[in-house]
There are 2 protein chains.
Amino acid sequence: MPDRPRYVAGSPAETEPIPAASVYASEVVAALESDIRFDERGLIPAIVQDAETNAVLMLAYMNRQALELTIQTGETHFWSRSRAELWHKGATSGNYQHVVDMQLDCDGDTLLVRVHADGPACHTGEYTCFYRSFSVDADSGESAVDPNESEG
Amino acid sequence: MPDRPRYVAGSPAETEPIPAASVYASEVVAALESDIRFDERGLIPAIVQDAETNAVLMLAYMNRQALELTIQTGETHFWSRSRAELWHKGATSGNYQHVVDMQLDCDGDTLLVRVHADGPACHTGEYTCFYRSFSVDADSGESAVDPNESEG
């Protein structure tokens, strides 16, 4: 992390300083507004990856407030589409996810959030939500969704 | 699905015929129908992960046909939301992604596709689409989006 916060859009040659006043999460998000593309629902998908094992743990969605809270607290927050409410991951289970770093993809419409997790990511108790193998035998056409532990 | 589906990869001049969809692939998807939850647009997000390095390479969307073609060919296919057309990853760039395995998440609305990639995932030439670090120092409030190579 640079000593002076930098906001880089595109190539390194386009490096642009963020004003020193950008100390609040809401201002951080505002400063990134031109890069982050929330969808028509105001959401951006966030892939959560274990920073130690590199396993992909889950995919969830952040709205602007969830992103601000994630930045502010260093713990993942999401927008629950099914419950239509903010969701502080771990608030119920104790399995908080502590943000190590975040990446924005090339076209600004997906986040990759790498975390140290206090416990399983999945509400089923599985380490990762991606525990169902989706195997296909191209020769036989046989298929299955098996509840195998992901090695991913 | 038409007997001889066609799609355009890149420019119209690069039109490429797709073989008649395998009866197996469509049956596989049909068999998984009760598990897979396509969204209201008929899409499911697919996280693509490098099976060798475990780096997260990209997030793209599959509709039913893209999923069938992915299963049938063993190479990733997506639905391009911006171009509103099927997209065979690598058809233009040569950077095909060969499917190693796939996982479905706990609630069936996200796929994790682990691949061997023939080349960079990103249209910018970067190895991964997640090459812009989005780092925040919670203490100082400093933030940055830097075009660093992801270690993810």
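Two strands are said to pair if DSSP finds at least two bridges between them. Helices (H or I, at least four residues) and strands (E, at least two) are themselves DSSP runs, numbered from the N terminus. The structure discussed here is a predicted model, in which local features need pLDDT of at least 70, side-chain atom pairs count only at pLDDT 80 or more, and totals for chains, interfaces and linings use all residues. Residues are numbered from 1 along each chain as its sequence is written, chains are lettered from A and ligands numbered from 1 in the order in which they are written, and side-chain values use heavy atoms, with hydrogens and water left out.

Chain A provides an overview. Its secondary structure comes to 2 helices and 10 strands, which follow the pattern β-β-α-β-β-α-β-β-β-β-β-β along the sequence. Of its 152 residues, 47% count as buried, a term that denotes under 20% relative accessible area (1.4 Å probe, protein chains only). In helix H2 of chain A, residues 64-73, the buried residues are Ala66(A), Leu67(A), Glu68(A), Thr70(A) and Ile71(A). Just after this helix, Gly74(A) adopts a positive phi of about 75°.

In chain B, attention turns to strand S3, residues 44-50, where 7 of 7 residues are buried. In a regular strand, side chains alternate between the two faces of the sheet. On one side of S3(B) lie Ile44(B), Ala46(B), Val48(B) and Asp50(B), and on the other Pro45(B), Ile47(B) and Gln49(B); both faces are covered.

With strand S4 of chain B, residues 56-62, the pairing is antiparallel over 6 bridges, and Ile47(B) has Leu59(B) as its bridge partner. These two strands form a hairpin with 5 residues between them, and Asn54(B) in the turn has a positive phi of about 70°. With strand S8 of chain B, residues 111-117, the pairing of S3(B) is parallel over 5 bridges; here Asp50(B) stands opposite Val115(B).

A further site in chain B is Glu75(B), placed in the loop between helix H2 (64-73) and strand S5 (77-80). Glu75(B) is buried yet has no salt bridge, and the nearest side chain of opposite charge, Lys89(B), is 12 Å away. A salt bridge would require a side-chain nitrogen of Lys or Arg within 4 Å of a carboxyl oxygen of Asp or Glu; for charge, Lys and Arg count as positive and Asp and Glu as negative, while His and the chain ends are not counted.

Technical notes
Buried means under 20% relative accessible area, exposed over 50%, partly exposed in between (1.4 Å probe, protein chains only).
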